[in-house]
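Hi,

Here is the structure I promised to pass on.

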Amino acid sequence: MFYRLLSVVQRQRTSRGWQNWPSARSGASAAEAHSVALPAQAQVVICGGGIMGTSVAYHLSKMGWKDIVLLEQGRLAAGSTRFCAGIISTARHLGIEQKMADYSNKLYQQLEQETGIQTGVQIYDRTSVVHVMIKKGEVTGVETDKGQIECQYFVNCAGQWAYELGLSNEEPISIPLHACEHFYLLTRPLETPLQSNTPNIVDADGRIYIRNWQGGILSGGFEKTPKPIFTEGKNQLEIHNLQEDWDHFEPLLSSLLRRMPDLETLEIMKLVNCPETFTPDMRCIMGESPLVKGYFVLAGMNSAGLSFGGGAGKYLAEWMVYGYPSENVWELDLKRFGALQSSRTFLRHRVMEVMPLLYELKVPRWDFQTGRQLRTSPLYDRLDAQGARWMEKHGFERPKYFVPPDKDLLALEQSKTFYKPDWFDIVESEVKCCKEAVCVIDMSSFTKFEITSTGDQALEILQYLFSNDLDVPVGHIVHTGMLNEGGGYENDCSIARLNKRSFFMISPTDQQVHSWAWLKKHMQLDSNLLLEDVTWKYTALNLIGPRAVDVLSELSYAPITPDHFPSLFCKEMSVGYANGIRVMSMTHTGEPGFMLYIPIEYALHVYNEVMSVGQKYGIRNAGYYALRSLRIEKFFAFWGQDLNTLTTPLECGRESRVKFEKGVDFIGRDALLQQRQNGVYKRLAMFVLDDHDTDLDLWPWWGEPIYRNGLYAGKTTSSAYSYTLERHVCLGFVHNFSEDTGEEQVVTADFINRGEYEIDIAGQRFQAKARLYPVASLYTHKRRKEDVELSDLHGK
């Protein structure tokens, strides 16, 4: 497949006077290679002559870019592409990965039919990139072992060397991946040779794959004990010097013989040992660097490079040409990682866990076991001693729930199921406490920025970047979206105005790198404007429940009544002996309560005081599972789960957070005005399952198909059990697909309300009621301003 792609890229070589360039398949000598002069400049330089690099070059050329140079340190396709087992699979866990694989499969079948493609791509092998030249945060050129090339864009498709290449820049770029040895064997043809149409076989229990190879067998797998390699440095020759290791391959060979016992007499030609790169979360890496404009990355394919090659190259090319890809690729975006994931020790340990997971069943809400306790709140040890069970987000430890002393800890640790989990009763008690008394949730992991200026610069830039009106009185909090040109969410956050020239911005945990990059990208280089990441400076405690006001009143000796402290308000207070605590009358759940942003040195003191005073009010710890249940039953959508870069406020009922008339032409305004006129083509709805048995039926977790009047209409984006309704609640987008053409049509509130809905859970459909606003019976307390705003924006 690689050579098909490469041949299209190179087809115009002779007709365009490229006769003297070394060919990937010509076996040109090193002397010939060194005699070729590099161009002085190009629009794009791509490093890496494997399937990823050539795919990016091919798609950039198809999209109209002509001045493209492709560099390869060895021979084209001599890296991991050369050794790949040649299996294309479109069965993928993530929707975006499935789309990439589908596109790749179709592309490879049609490539041979493409003739006369005018690519303008210049290919140089045996040319090593020394480092990328960067000036004022932008790519300016590339230094190679044969000279320099000035360029505007650089694409790192260096595979297993992408990590080192990123660190070699004048401004190091973190690309977290690590190589492991990967083994597969080749046999002589069978007595009755296998045919080219013989199906591929995947035996997940045996951890192996099997395919036809020239009438014989090609079989490899992903063992439980991987062998990381190339811990330091890059050396092209190391690929060719990897040795057979039959002792290491023996478990996979045994699985093969159990599956196909007649192969015992077959002659084995070779055991291939080749490198494969893996990432910390089993998802490939693509996108633009958050630090350097014009520096793009496409690497870390987790042994799926052939399946993803076409689609991944297409999306990255779109990103470069149009400024964004045609699909939401956040789950693959380089900016989902920070520098903290680039420790060599972390990567070596994590890939040893990641590689075996490729052939293991991944139950809902499973957590990685390696690379843990990397980022912790000052309260970690205190909470851990009280029974906290932990989950990890962006390297940060967050409590899932708290195990009471009388529970079997071992049983809970081994709770792996698609059905009702063992923690069900624990989370129920935490939710009940949030509704009837008061709970504390450590939410220190949330991303926190301060934007400050000497004049009005901070307000002006935020008014341009956000859809809501930030010109509010000091102390007020605004829920708002940070939108792109298409009106989609780059971030969904809350911003408090601390004073006339200073703002405090709170975003989801995994937005730390992405939001920072977006803000810096649009801020002028102005010494009067300061953006500071203060995530590490503050511990955040969420006090949820009707008795939260009593706890805070005792600790602050200040009036906390609605008249003195209205909803969505922020002010600094003393709590216990500590001063300078930013207290906000919001909880991210719709329940009454407060967020306390505590300078980190006061964190343990304030927590102890809160727990001590709260004893008389029934206080207890709670975790993120309780938070999830509360927010979903209140129809609170979260960025990265329900909202993404292709979701607009009008599609999720957040029109009230868009102020068209605020007097500023904010990013995305024109797109939203156009959408308001034309109508939306999808709409976020809340689904309450009717005939679902929580104890006996499989649970919905996320990604389940939604059916309207028997026809597919979308899929769920998040779900949770509502302990208030005693039903499962899902959030998801409803589309209006034409029955004749399948094209999307306008979705109206009437269209949503007139439908009969079912949620498909593992092939079984359950009836569900769709709503465009929270269920009224959920409110067991007097509704506050935050709740009223939420119901209003959902069209009640």
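A quick definition before anything else: accessible areas here come from the Shrake-Rupley method with a 1.4 Å probe, and for residues only the protein chains shown count as cover. On that basis the protein chain has an accessible surface of about 32,800 Å², and 48% of that belongs to carbon and sulfur atoms.

Some housekeeping. This is a predicted model, so local features need pLDDT of at least 70 and side-chain atom pairs count only at pLDDT 80 or more, while totals for chains, interfaces and linings use all residues. Residues are numbered from 1 along each chain as its sequence is written, and side-chain values use heavy atoms, with hydrogens and water left out.

Now the overall picture. The protein chain has 21 helices and 35 strands (DSSP runs numbered from the N terminus: helices are H or I with at least four residues, strands are E with at least two). Of its 796 residues, 59% count as buried, where buried means under 20% relative accessible area, exposed over 50%, and partly exposed in between.

One sheet I'd look at is open and mixed, with six strands in the order E25-E26-E27-E24-E18-E28. Two strands pair if DSSP finds at least two bridges between them. The edges are E25 (570–575) and E28 (620–621), each pairing on one side only. Helix H17 (residues 603–614) packs on this sheet, touching E18, E24, E25, E26, E27 and E28 (contact means heavy atoms within 4.5 Å). The direction of H17 makes about 150° with that of E27; axes are lines fitted to C-alpha atoms, for helices over the stretch in contact, and angles run from 0 to 180 degrees between N-to-C directions. E25 and E26 (residues 578–584) are antiparallel over five bridges, and Cys 570 has Met 584 in E26 as its bridge partner.

Two loop residues have positive phi without being glycine. Asn 302 has phi near 50°; it lies between strand E15 (295–299) and helix H9 (305–322) and is buried, at 6% relative accessible area. His 394 has phi of about 55°, sits between strands E16 (388–393) and E17 (396–402), and is also buried, at 7%.

Cheers

How values were computed
Buried < 20%, exposed > 50% of the residue type's maximum accessible area, 1.4 Å probe, protein only.
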